[in-house]
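Hi,

Here is the structure I promised to pass on.

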Amino acid sequence: MKNIKYLGLLLVAIFISCSDLEEVPVGRLSPDGLVNSPQDIQTLINGAIGNMATEAYWGRKLSLPIMLRSDMATIGDAGTPGRRQEVDNFSMGPDNGMVTALWPKAYQVIAGTNEAIAGAALIDAEPDQIDPITGQAYFFRAYTYYHLVRLFGAIPYLDTPVNDIEEAKQLTKSSVDEVYANIIKDLEQALSTLPETQPSSAYPTKATAAGFLASVYLTLGEYQKSYDQAKFVIDNEAKFQIGLAADFQDLFDYSKQSSTNEFLLSLDFNGFSNGDTGRDYAPALTGIRGNERGDIGGGWSVAVPSIEVYNTWDGRDYRKAVSLDTTGIFGGVIEPFTKFPEFDSRNIPSAYIAKYTRAIGPTGTGNGRASSLNYGLMRYAEVLLIAAEALNEVSPGSAEAAGYVNRVRERARSGNGSEYPENITGGISQTDFRDLVLEERKWELAFEFKRWYDIKRRQIGPEVFGASGLEPQPNFDPNRDYLFPLPFDELDRNPNLAPNNPGY
């Protein structure tokens with residue numbers, strides 16, 4: 001067992017140091033005693049979190065595909081690599097480079113959590129010392145599988161360290177239902193052991209576990225359970241020390257993020273990196289080519305909202321001003337987005353995403369890579385909207401559900417003194433309220449990697465990618481495109497994973 005732990009630690013520790021999290025230096029741990037204390041388990045968990053902050057996961061390979069897959073962002077620079085364009089226009093195959101890089105990195109995160117859980121069982125420590133730490137491992141394992149199952153469907157499910165490579169090559173896929181059952185089990189375990197608060201939102205709490213349980217149940221259509229979990233968070237917001245940030249802009253300002261209490265979970269980027277470890281490419285990928293604002297060398301004009309996103313977003317909504325850049329600086333002159341292509345032909349005449357470029361803080365590389373801005377992986381606003389959506393499905397027309405939406409809208413109004421978006425009242429039909437909440441999520445969580453999953457769980461692809469949608473995509477096939485293809489190289493290594501998802 002110790003040899004297994006040693007191998008796992010070496011694999012995981014390679015990626016440690018890419019976040020702001022504290023960890024025990026690996027050199028202090030000897031092969032004969034790698035898991036002697038709860039802090040050693042924390043080191044393994046920090047390594048798993050570190051893997052999440054690499055280019056092959058949240059840095060680019062997970063964040064970019066689910067952003068492009070939505071109807072809120074499309075390709076700007078037509079010369080960007082084909083693997084990105086294939087994700088955007090629903091023409092990718094099993095050899096797509098985004099998928100083949102994302103898959104193994106996700107399983108490296110899972111390997112780190114499995115090592116931590118197995119290692120914790122070896123430690124002679126009081127439950128109140130070890131259980132809250134092990135709860136983190138259960139949470140992050142569930143979190144990683146939650147992305148995988150939504151993207152790929154049936155997948156191999158591993159919940160113990162791998163000690164026999166040949167045996168691992170014989171693994172088969174677990175069904176979607178089995179994966180979700182294990183996700184729920186892990187989140188319930190995390191909920192029972194995690195603390196009520198943490199020193200940083202990079203570490204999960206009871207509110208984090210309950211918030212993601214609410215999200216999972218919403219995805220599964222188990223609306224009463226989704227509402228119950230979201231209501232648990234809402235009822236205990238004071239105890240959990242969470243709430244809506246006073247200013248929506250502060251959520252995307254590196255210097256103010258930590259002073260807000262809206263994030264139930266965030267991913268730390270510290271502004272510096274070693275190679276692709278710790279690099280956040282969102283500023284570069286979403287930035288305006290040639291833009292002089294921010295002194296980060298401009299952007300790459302890859303993921304850009306279509307002009308219809310700008311045109312259909314009500315200008316009275318403060319969130320629009322925070323989320324979109326409508327001007328750039330070229331030659332020291334402020335220019336409107338209609339002129340962006342004049343300064344670089346790879347730009348398109350549309351407003352660009354501002355959430356990852358406007359206030360990213362110190363960066364150790366050009367083009368905004370390795371930004372100091374942290375990703376909000378779940379915000380309290382989302383929990384309120386989950387509660388509203390779920391409650392509408394079990395008790396349509398309730399004033400309570402309307403009240404949750406109004407809390408989110410009130411913060412949006414306070415940004416610029418506008419009377420928009422206005423409050424809503426109870427008594428709205430179930431169908432209308434369902435559509436209203438989905439729209440509210442679209443604007444409140446714009447470009448925060450949620451929209452594709454909403455499209456998938458509500459099965460609205462033909463509508464949003466149709467001729468009247470924000471981003472018409474004639475290639476979209478609902479019989480194929482709600483799932484990504486399994487990577488071809490994984491199928492080559494293990495034929496038991498065949499067949500691939502339908503249509504690939």
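Below is what turned up, starting with how to read the model.

This is a predicted model, so local features need pLDDT of at least 70 and side-chain atom pairs count only at pLDDT 80 or more, while totals for chains, interfaces and linings use all residues. Residues are numbered from 1 along each chain as its sequence is written, and side-chain values use heavy atoms, with hydrogens and water left out.

Let's start with salt bridges, meaning a side-chain nitrogen of Lys or Arg within 4 Å of a carboxyl oxygen of Asp or Glu. Searching the whole structure gives 36 of them.

One joins K450 and E382, at 2.9 Å from N to O. This pair ties together distant parts of the chain, 68 residues apart: K450 sits in the loop between α19 (430-444) and α20 (451-458), and E382 in helix α17 (residues 380-394). (Helices are DSSP runs of H or I with at least four residues, strands are runs of E with at least two, and both are numbered from the N terminus.) Both K450 and E382 are buried, where buried means under 20% relative accessible area, exposed means over 50%, and partly exposed is in between (1.4 Å probe, protein chains only).

Another salt bridge links R458 and E389 at 2.7 Å, N to O. Again the partners come from distant parts of the chain, with R458 in helix α20 and E389 in helix α17, 69 residues apart. R458 counts as buried because its relative accessible area is 19%, and E389 is buried too, at 1%. There is also a network in which salt bridges share partners, and its members include E262, R319, R409 and E448.

R316 is partly exposed at 47%, and D314 is partly exposed at 23%.

Next, the hairpin. Strands β5 (residues 327-330) and β6 (residues 333-336) pair in the antiparallel sense over four bridges; pairing requires DSSP to find at least two bridges between the strands. G328 has E335 in β6 as its bridge partner. Two residues lie between the strands, and G331 in the turn has a positive phi of about 60°.

Finally, which residues gather in a patch of negative charge on the surface? They are D124, E126, D128 and D131. A patch like this takes residues with over 30% relative accessible area and no salt bridge, joining like charges within 9 Å. E126 lies in the loop between α6 (97-120) and α7 (127-152) and is exposed, at 51%.

Cheers

Technical notes:
Patches are made of residues with over 30% relative accessible area and no salt bridge: like charges are joined within 9 Å, nonpolar side chains (Val, Leu, Ile, Met, Phe, Trp, Tyr) within 5 Å. Accessible areas come from the Shrake-Rupley method with a 1.4 Å probe; for residues, only the protein chains shown count as cover. Lys and Arg count as positive and Asp and Glu as negative; His and the chain ends are not counted. The place of a charge is taken as NZ of Lys, CZ of Arg, CG of Asp or CD of Glu.
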